[in-house]
Amino acid sequence: LKILGLDDSSDVSRVIEQVAEDVFSQGECPLEDCVRLAQIAAKLGASARNSFQFVIRNGDRKSIDQHIIADVNGDLDRFVTDEWYEEHVLHDEYWRKFTSCTESEWRQWITSGRSGLLTFVPLIPVQHHVWNRDEIRRSLRKRGFDGNPNFPYKSGDFTVDDWDFDEEHWNYWKSSAEQDTEFWGYLFTRILAQPKAYWSKSLSAKVWQNGYTYKKPVTNEDLLPSWIVEFRSLPCLRDTRGHYRQPAELLRRTPETESLLEVEPFVRAEDDNEHTRPLLIKLGVRDTPTGPDRLLDRLRALASVANPPVYEVEKWYHRLDQMLVKCSTG
């Protein structure tokens, strides 16, 4: 045990890592053994490291740093090409027979993140090079920056550290959206359902100007990554009435917006929570009202009725009072 490094009480993740290194370094490893080892790791709640490998649908074996997807909901083929599905999705054998763990333990291990498996198409870091100051200014405006960038060097050499989905996926999604008008909504619902760790590191981009030796940022403000910029212009968020809208058309429920319930469209409650809030803000969902115009329109409409319902009149005046307490001087 001392030679193996197992003479002390050990972290199960370390034990599983040593076993995985030994098993997978031998070359050939039967599918049932790969499944059994994964189920043992799930039973123990171990964290898989890069040495851990899974078998994918086409029979190849891949380590977890190669973006292996567990199709937990059974509908991933709706969002990716058949070829990509076969090359990245976990083999069906992992779901057929549970010998060393229960199905619920297996699902919990996957969704906890300890397995290293993803449950949806990955967001990947992307680096662009730009050789023109005017182009970099346009890129900054598109990413939500409306100030004056700082150019510490004379060069026109810039690097953008970005996050995005693979272009192959965007092409497939745009093709699918042409056939189904609600496709963007289904797609973004899947993204919202992912653990926060899936998208939390991918909420900002950085633009650098490169000198001969060093590089410096052109702004220290948060810039929107490409995938957020793209989704901002798409009808991808469902409102409380079940319609898909562009994010900027919707409001989040806050003390400031409470008075506009039933007047303005709001993000449905299932998608508006503490977990998703940073993402909704980046998408441009509003959390403050633009003004009392819609409330006043309701009152004007009631004023044109011969005998307006007293309850309705009182309700909208009460909403105006609520807004007055929370709104800015302007």
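Let me begin with one side chain: a polar atom of the side chain of Q209 lies 2.9 Å from the backbone oxygen of Y153. The side chain of Q209 also reaches the backbone oxygen of S155, at 2.7 Å. A polar contact is a pair of N or O atoms within 3.5 Å; within protein, one must be able to donate a hydrogen and the other to accept it, and residues adjacent in sequence count only if both atoms are side-chain atoms.

Please note that this is a predicted model, in which local features need pLDDT of at least 70 and side-chain atom pairs count only at pLDDT 80 or more, while totals for chains, interfaces and linings use all residues. Residues are numbered from 1 along each chain as its sequence is written, and side-chain values use heavy atoms, with hydrogens and water left out.

Is Q209 buried or exposed? Its relative accessibility is 0%, so Q209 counts as buried (buried is under 20% relative accessible area, exposed over 50%, partly exposed in between, with a 1.4 Å probe and protein chains only).

Q209 sits in strand β5. Helices (H or I, at least four residues) and strands (E, at least two) are DSSP runs, numbered from the N terminus. Strand β5, residues 206–210, is joined to β6 by 3 bridges, and the two run antiparallel; here Q209 stands opposite K216. Strands pair if DSSP finds at least two bridges between them.

Turning to the whole sheet, it is open, with 4 strands in the order β3-β4-β5-β6 and antiparallel pairing. β3 (124–130) and β6 (215–217) are the edge strands, each with a single partner, so one side of each lacks a neighbour in the sheet.

I now come to the pockets. A pocket is an open set of points on a 1 Å grid over the protein atoms alone, where a 1.4 Å probe fits, with protein on both sides within 12 Å along at least five of seven lines; lining residues have an atom within 4 Å of a point.

The largest pocket is lined by 20 residues, and L117, L118, A197, Y198 and K201 lie nearest its centre. Elements giving two or more lining residues are α5 (103–112), β3 and α9 (196–199). Of these, α5 gives the most, with 3 residues.

The second largest pocket has 15 lining residues, with D162, D164, W170, S226 and E230 closest to its centre. At least two lining residues each come from β3, β4 (158–164), α7 (167–179) and α10 (226–232).
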